[in-house]
Amino acid sequence: MPTSCFRGPQDMNKPTNPDAPLSPEDPDSWETATKLIRGGLHRTPYGETAEAMFLTQSFVYGSAGEADARFSGEQPGFVYSRYANPTTRMFEERLALLEGAEACRTTASGMAAVATALIGLVKAGDHIVAGRAMFGSCRWIIAQLLGRFGVESTFVDGADLKAWEAAVRPNTRLFFLESPANPLLEVADIAGVAALARKAGGRLVVDNVFATPLFQKPLQLGADVVVYSATKHIDGQGRVLGGAILGDAQLLDEAYRDFLRHTGPALSPFNAWVLLKGLETLDLRVRRQSDTAAALADRIADHPKCSRVFYPLRPDHPQYEIARRQMSGGGSLIAFDLGDRASAWRFLDALEIVDISNNLGDAKTMATHPSTTTHRSMSEGDRLTIGLTDGCVRLSVGLEGMEDLWRDLGRALDAA
Ligand SMILES: Cc1ncc(COP(=O)(O)O)c(C=O)c1O
């Protein structure tokens, strides 16, 4: 079956009631494309077209009493950009609307979001269960950083729900997964892990970077918190770093408000402005990237030099049925195995327009050799448990012409 046109069981981005009159007061009822352009927009009295960029560190008050009222929270308003900023707030509101989350807090990078999301939910003596296939820095936070502060952890095969269940201990308070995971796009059953987390009295945090907010809604599947590296598809044009944490307003307040205020991983208002502009084109970019990726995955799989291809909505993906259930598009990432390191490097070195880079989600197509770059901090043994051999290549599909990409990739595969 060709993968390119498959949209999953339902389009999770359709408006809930298409016949209702469009209400500016009810942005939740808008279509995704409208949310991405107009969500969270607060114009100043000047009536600017584009979102205003508030490049300010702090704010002034008309009187000492007003400063007191702002700091006590009696009077709404901003006090310091480490806490909140009007441009950053617009970005948070737009992203929360897209995700269907009550609240959003943003950070200076994706890793600041992951670190905050995890640290805010555990204390010494607690235990974390995490899917073992994940970005190396996330693993470092769980195993090394939190380990130093007395938080225990167990890494399990993220695709095996029984392994998640078997790892639960009386002190398990946190579950963490990436799905699809970096770099081989392993898919975890988010609803299944969320049910286990609830039963254990713990929380589930999902890194939704690979799926993007367009193709997977972890909160609807039962997750408590969703994190993003906004650096990836949300910017999508190689400019700024950013991160986001989304979930229930009360949970975000209790778990993260003080941590964010006092440790200061705040997103810069300039970056928030760039990311607001990134959201405006997210739907167009990611759908086109995903369609191209699905078609390229089929062509790469047919090439004789490729022994395995990993793409969530290809029927030969090991967790295809789960991916179909929880994703409405396959996303812009593909991984494939060319047998050994020499072949993978020959492929990379033969590319003419596709860049060799460790980034992803960009308008420019990028190819990575994970075992010597993004995942080199994992031991070879740990890499092999997630199926990551030296022959594996990860491809982040951009917005170039599909046939140009195939000319480049096809010739590089011939050379592999
Ligand atoms: C799945 C995943 N999560 C988090 C991050 C971290 O994001 P950032 O580079 O914005 O800190 C990355 C990549 O860098 C990633 O691939």
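Mentor: Start with two helices: α4 passes α10, and the crossing is right-handed. Helices here are DSSP runs (H or I, at least four residues), while strands are E runs of at least two, all numbered from the N terminus. A crossing is right-handed if the near helix is turned clockwise from the far one by less than a right angle, and left-handed if anticlockwise.

Trainee: What am I looking at, a model?

Mentor: The model is predicted, so local features need pLDDT of at least 70 and side-chain atom pairs 80 or more, while totals for chains, interfaces and linings use all residues. Numbering runs from 1 along each chain as its sequence is written, and side-chain values use heavy atoms, without hydrogens and water.

Trainee: At what angle do α4 and α10 pack?

Mentor: About 125 degrees, with axes 9 Å apart; α10 covers residues 249-263. Axes are lines fitted to C-alpha atoms over the stretch in contact, and angles run from 0 to 180 degrees between N-to-C directions. That makes α4 oblique to α10. Under 35 degrees would be roughly parallel, over 145 roughly antiparallel, 65 to 115 roughly perpendicular, and the rest is oblique.

Trainee: Which residues meet in α4 and α10?

Mentor: T116, A117 and I119 in α4 meet Y256, F259 and L260 in α10. Contact means heavy atoms within 4.5 Å.

Trainee: Why is α4 called oblique to α5?

Mentor: Helix α4 (110-119) and helix α5 (136-148) pack at about 40 degrees, with axes 10 Å apart. That angle makes α4 oblique to α5. Their crossing is right-handed.

Trainee: What makes the pair of Y61 and F71 edge-to-face?

Mentor: Their ring centres are 6.5 Å apart and their planes stand at 65 degrees, so the pair is edge-to-face. Rings of Phe, Tyr and Trp (its six-membered ring) pair with centres within 6.5 Å; planes under 30 degrees apart are stacked, over 60 edge-to-face, the rest tilted.

Trainee: Why is F71 called exposed?

Mentor: F71 has 55% relative accessibility, so it counts as exposed. Buried means under 20%, exposed over 50%, partly exposed in between (1.4 Å probe, protein chains only). Y61, at 24%, counts as partly exposed.

Trainee: How do you know that F336 and F347 are edge-to-face?

Mentor: Their centres are 5.4 Å apart and their planes at 90 degrees, so the pair is edge-to-face. F336 lies in strand β9 (333-337) and F347 in helix α14 (341-350), so the pair ties together parts 11 residues apart in sequence.

Trainee: Why is F336 called buried?

Mentor: F336 has a relative accessible area of 0%, so it is buried. F347, at 0% relative accessibility, also counts as buried.
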